[in-house]
Amino acid sequence: MRPYSNTLAPRLYDDNLLLFTAMIDDILNAKHSIYLETYRFAEDAIGKRFREALLRKCKEGLTVRLLLDAYGTNVYEGFFNELIEAGAQVRYFKKLKFFISNIFDKNHTRNHQKLLLIDGKISYVGSSNLSAYSLSWRELNLRLEGDLCLCLTKAFNQSFQLYKLYDSVPFERIENLHSEGFTIIQDTPSVYFQKIRSQAMNMIGHAKHEIRLETPYFLPSSKFRKALIMAAQRGVKVIVYIPFNSDMRTIDLLRNKYLGPLYKAGIEWRFYKPDNLHAKCLLCDNKYFMIGSSNFDYRSFRYQYEIMLCGEHKEIITLLDAHLQGTEAQSVQFNYEKWQDIPGIYRFIEYLLSPFKRFF
């Protein structure tokens with residue numbers, strides 16, 4: 001594996017307003033190419049700002065490619081017409097369809113990856129969609145410079161060629177990519193080959209002192225939960241950061257059944273209070289990290305196309321540590337006694353919804 005470059009100049013953005021401003025500045029300063037992949041590109045004020053910046057660069061003759069999810073990017077039909085007429089290539093991951101069998105499984109296979117790549121030199125990878133709806137959410141995104149962008153561009157182009165316009169996508173495993181001391185994991189929907197989950201469990205299994213996990217939705221498999229419990233039992237401090245109230249209240253209700261048992265097994269919970277916590281991060285021993293688009297739940301691990309960046313770059317670790325300390329400062333701890341007193345009607349709803357947890 002090649003050593004880390006000294007020219008990465010990493011910057012961390014957990015405030016979407018600052019992130020979007022930086023992204024648009026980099027787009028407007030682009031000289032050759034702009035590749036953008038996202039789940040949600042809204043037709044609101046934020047989406048229009050990005051569209052106008054991209055249109056300007058198209059008119060300057062740059063190569064502009066957009067890969068969007070047809071469900072997440074639910075805009076009116078002509079929203080990107082001017083961009084396309086100016087030369088941009090805009091492709092969508094498949095629309096929702098009716099299937100005779102496995103309607104939930106097939107329509108849950110969404111493209112949830114998020115990348116912005118500029119001139120083969122500047123990379124953005126992380127959790128944020130392009131939407132005013134999430135402007136106040138706490139996110140986690142890295143801006144990096146250097147050759148890593150060429151590797152991420154390869155990952156983008158693999159996806160761009162794989163996803164035919166509006167067509168269903170065949171199952172295809174994508175090999176991990178390695179560059180600048182990093183590993184880039186692209187997950188494809190599968191019951192058996194869940195590479196992001198496997199990498200996370202491997203990191204958890206080798207942690208010696210501390211595990212900090214940050215996710216908006218916590219509905220992992222029994223094996224993943226067992227890995228966290230085993231870590232706690234061997235003396236590792238395990239802290240999981242989740243929003244006090246996410247934007248998916250059904251998931252908040254479903255996750256509730258795990259809070260008490262995992263707390264008794266040694267897992268510490270932190271609930272982020274100000275707004276939705278949408279960051280996705282795993283940091284082990286302040287040495288190994290994983291960040292990107294994937295939530296730590298059934299849906300991301302099993303059904304969605306996701307991308308995660310893994311490594312042990314010291315400067316990035318410092319940024320992630322500061323970010324997690326910021327999350328900690330705005331979070332409250334779990335109250336086990338209060339959890340025990342939850343009204344029976346909520347327990348009954350949990351029971352009814354539990355068989356369907358993998359669809360949320």
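Trainee: Which residues are buried in helix 8?
Mentor: In this predicted model, the buried residues of helix 8 are Ile251, Asp252, Leu253, Leu254, Arg255, Asn256, Tyr258, Leu259, Gly260 and Leu262.

Trainee: How far does helix 8 reach from its first C-alpha to its last?
Mentor: It reaches 24 Å. Helix 8 covers residues 249-264, so 16 residues, and at 1.5 Å a residue the expected figure is 22 Å. The two values are close.

Trainee: Where is the kink in helix 8 centred?
Mentor: On Asn256. The kink is about 30°. Asn256 is also one of the buried residues of helix 8.

Trainee: And what follows helix 8?
Mentor: Gly266, with a positive phi near 115°.

Trainee: Where do I find Glu180?
Mentor: In the loop between strand 8 (177-179) and strand 9 (182-187).

Trainee: Is Glu180 buried or exposed?
Mentor: Buried, because its relative accessible area is 2%, and the cut-off is under 20%.

Trainee: What about Asn286: where is it?
Mentor: Asn286 sits in the loop between strand 14 (281-284) and strand 15 (288-292). With a relative accessible area of 34%, Asn286 is partly exposed.

Trainee: Zooming out. How many helices and strands are in the protein chain?
Mentor: Twelve helices and 18 strands. The chain has 360 residues, and 58% of them count as buried.

Trainee: What share of the contacts comes from residues 24 or more positions apart?
Mentor: 78%, taken over contacts with a separation of 6 or more.

Trainee: Now cavities. How many of 30 Å³ or more turn up in the whole structure?
Mentor: One. The largest cavity has a volume of about 80 Å³.

Trainee: Which residues lie nearest its centre?
Mentor: Met23, Lys114, Leu115, Ser128 and Asn141. They belong to a lining of 14 residues. Helix 1 (16-28), strand 2 (33-38), strand 5 (115-118) and strand 6 (122-126) each give two or more residues to that lining.

Trainee: Tell me about Asn141. Which strand is it in?
Mentor: Strand 7, residues 138-145. Asn141 counts as buried because its relative accessibility is 4%.

Trainee: What does the Asn141 side chain make a polar contact with?
Mentor: The side chain of Ser128, at 2.9 Å. Both Asn141 and Ser128 are among the residues nearest the centre of the largest cavity.

Trainee: Gly126, then. What does it contact?
Mentor: With neighbours within four places left out, Gly126 is in contact with Lys114, Leu140, Asn141, Gly292 and Ser293. Gly126 lies in strand 6 and counts as buried at 2% relative accessibility. Gly126 and Leu115 are eleven residues apart in sequence, and their C-alpha atoms are 7.2 Å apart.

Trainee: Back to helix 1. Which of its residues are buried?
Mentor: Asn16, Leu19, Phe20, Ala22, Met23, Ile24, Asp26 and Ile27. Met23 is also one of the residues nearest the cavity centre.

Trainee: What do those buried residues pack against?
Mentor: Strand 1 (11-15), strand 2, helix 2 (45-59), strand 5, strand 6 and strand 7.

Trainee: What span should helix 1 have?
Mentor: 18 Å, because it has 13 residues at 1.5 Å a residue. Its end C-alpha atoms are 18 Å apart, which agrees.

Trainee: What happens at the start of helix 1?
Mentor: A side-chain oxygen of Asp15 comes to within 2.9 Å of the backbone nitrogen of Leu17.

Trainee: Last topic: Asp119. Where is it?
Mentor: In the loop between strand 5 and strand 6. Asp119 is buried, with a relative accessible area of 18%.

Trainee: How far is Asp119 from His32, in sequence and in space?
Mentor: They are 87 residues apart in sequence and 5.3 Å apart in space, C-alpha to C-alpha. A polar atom of the Asp119 side chain lies 2.7 Å from the backbone nitrogen of His32.

Trainee: Which residues is Asp119 in contact with, leaving aside neighbours within four places in sequence?
Mentor: Asn29, Ala30, Lys31, His32 and Ser33.

Key:
Residues numbered from 1 in each chain as written. Predicted model: local features only at pLDDT ≥ 70, side-chain atom pairs only at ≥ 80, totals over all residues. Heavy atoms only, no water. Helix = DSSP H or I, 4+ residues; strand = E, 2+ residues; numbered from the N terminus. Buried < 20%, exposed > 50% of the residue type's maximum accessible area, 1.4 Å probe, protein only. Polar contact = N/O pair within 3.5 Å; in protein donor to acceptor, adjacent residues only side chain to side chain. Bend = angle between axes of the 7 residues up to and from the residue. 1 Å grid on protein atoms, 1.4 Å probe; cavity = no way out; pocket = protein on both sides within 12 Å on 5 of 7 lines; lining within 4 Å. Points joined across faces, edges and corners; volume = space filled by probe spheres on them. Contact = heavy atoms within 4.5 Å.
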